[in-house]
Amino acid sequence: MRILVVEDEAKVAEDIARALSSSGYVPEISDEGEDAWFRGETEDYSAVILDLGLPKLDGISILKRWRSAGVATPVLILTARGSWSERVEGIDAGADDYLSKPFQIEELLARLRAVLRRTAGHAASVIEVREVLFDSRKMQISVNGAPIALSPLEYRAVAYLIHHRGRVVPQHELAEHIYGGDCDRDNNTLEVLIGRLRKKIGVSLIETRRGYGYLVSDEGGNEAPSA
């Protein structure tokens, strides 16, 4: 999942990005307001971690512009401002959650997972799809109770598809969220990755909809387990 980190303090941004990468996300950093506003409005992100105190354009103004333009990407606000009125202003502007600085990175990751779950319509950190259990907190996939060893790339792919179960995910969208926005992988590379996932998981979890993309649903498909 692509996460936009909007933070002008380089060390804070780098620490967040490092933690996100270690947790199976694809982070991208923006360090000023106008760039963040443009990227958030024109590119596809699973979530945004947004600092309020930014150069050129503050976080609240960015958030209001996004919501006015119909951008529904979930936003987790970070700020050194601690007053209740500023927290209310952020929530009213369209934020999905709020975390004050200084913070523990574990809490940031937990809040991000919760925001992503709520956005996808999931209440718990463990999602069950037929024989498959996906645990976002432990970063683990298991089939019939047996954990499956996945590479970071394989984990990102199956995590994104499970979070968006019931919807056909186009190939270009999946590629952006597992490789990053500047990826130039062709469809064959992605199909090889999906083929490896099917062999490891051992069930027909991921369906291919030819010409459209990939689908994970609560009901199994009829196609053969190949990419």
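**Entry 1: the largest cavity**

I began inside the protein, with the largest cavity, and noted who lines it: Met1, Ser23, Gly24, Tyr25, Arg113, Leu116, Phe134, Ser136, Met139, Tyr155, Ala159 and His163. A reminder to myself before going on: this is a predicted model.

I looked up the volume of the largest cavity next, and it comes to about 100 Å³. The structure holds two cavities of 30 Å³ or more.

Which helix gives the most to this lining? I found that H6 does, with three residues. H5 and H6 each supply at least two residues of the lining.

I also sorted the lining of the largest cavity by class, and got seven nonpolar, four polar and one charged residues.

The ring centres of Phe134 and Tyr155 are 5.9 Å apart and the planes meet at 35°, so I wrote the pair down as tilted. For the label I needed the cut-offs: under 30 degrees would count as stacked, and over 60 as edge-to-face.

**Entry 2: charges over rings**

Staying with rings, I looked for charged ends above them. Arg2 lies over the face of Tyr45, at 4.4 Å from the ring centre. I also found Arg65 with its charged end over the ring of Trp37, 5.0 Å from the centre of that ring.

**Entry 3: the largest pocket**

Now for the open spaces. The largest pocket has a volume of about 320 Å³. I counted 18 residues in its lining, and those nearest the centre of the pocket are Ser46, Pro74, Thr119, Tyr160 and His164.

Which helix gives the most here? In the largest pocket it is H5, with three residues. Helix H5 (105-120), H6 and helix H7 (171-179) each bring at least two residues to the pocket lining. H5 and H6 were already in my notes, as each also supplies at least two residues of the cavity lining.

I then followed one arginine. Arg198 is in helix H8 (residues 187-201). Is Arg198 buried or exposed? Its relative accessibility is 5%, so it counts as buried.

What does its side chain reach? I found the backbone oxygen of Ile206, at 2.6 Å. The side chain of Arg198 also makes a polar contact of 2.9 Å with the side chain of Thr208. Arg198 and Thr208 are ten residues apart along the chain, and their C-alpha atoms are separated by 11 Å.

**Entry 4: Ser217**

Ser217 is in the segment after strand E11 (213-216). With 15% relative accessibility, Ser217 counts as buried. I noted a polar contact of 3.3 Å between the side chains of Ser217 and Glu207.

Most peptide bonds are trans, and most residues other than glycine have a negative phi. I wanted to see where this chain departs from that.

Which peptide bond did I note as cis? It is the one from Lys101 to Pro102, with omega near -10°. Pro102 lies in the loop between strand E5 (97-100) and H5.

Lys56 has a phi near 75°, positive although it is not a glycine. I located Lys56 in the loop between strand E3 (47-51) and helix H3 (59-68). Its relative accessible area is 65%, so Lys56 is exposed.

Arg130 also has a positive phi, of about 55°, without being a glycine.

Definitions and conventions
Residues are numbered from 1 along each chain as its sequence is written. This is a predicted model: local features need pLDDT of at least 70, side-chain atom pairs count only at pLDDT 80 or more; totals for chains, interfaces and linings use all residues. Side-chain values use heavy atoms; hydrogens and water are left out. Rings of Phe, Tyr and Trp (its six-membered ring) pair if their centres lie within 6.5 Å; planes under 30 degrees apart count as stacked, over 60 as edge-to-face and the rest as tilted. A charge sits over a ring if NZ of Lys or CZ of Arg is within 6 Å of the ring centre and within 35 degrees of the ring normal. On a 1 Å grid over the protein atoms alone, a cavity is a set of points where a 1.4 Å probe fits but cannot get out, and a pocket is an open set with protein on both sides within 12 Å along at least five of seven lines; lining residues have an atom within 4 Å of a point. Grid points are joined across faces, edges and corners, and a volume is the space filled by probe spheres set on the points. Helices (H or I, at least four residues) and strands (E, at least two) are DSSP runs, numbered from the N terminus. Ala, Val, Leu, Ile, Met, Phe, Trp, Tyr, Cys and Pro count as nonpolar, Asp, Glu, Lys and Arg as charged, and the others, Gly among them, as polar. Buried means under 20% relative accessible area, exposed over 50%, partly exposed in between (1.4 Å probe, protein chains only). A polar contact is a pair of N or O atoms within 3.5 Å; within protein, one must be able to donate a hydrogen and the other to accept it, and residues adjacent in sequence count only if both atoms are side-chain atoms.
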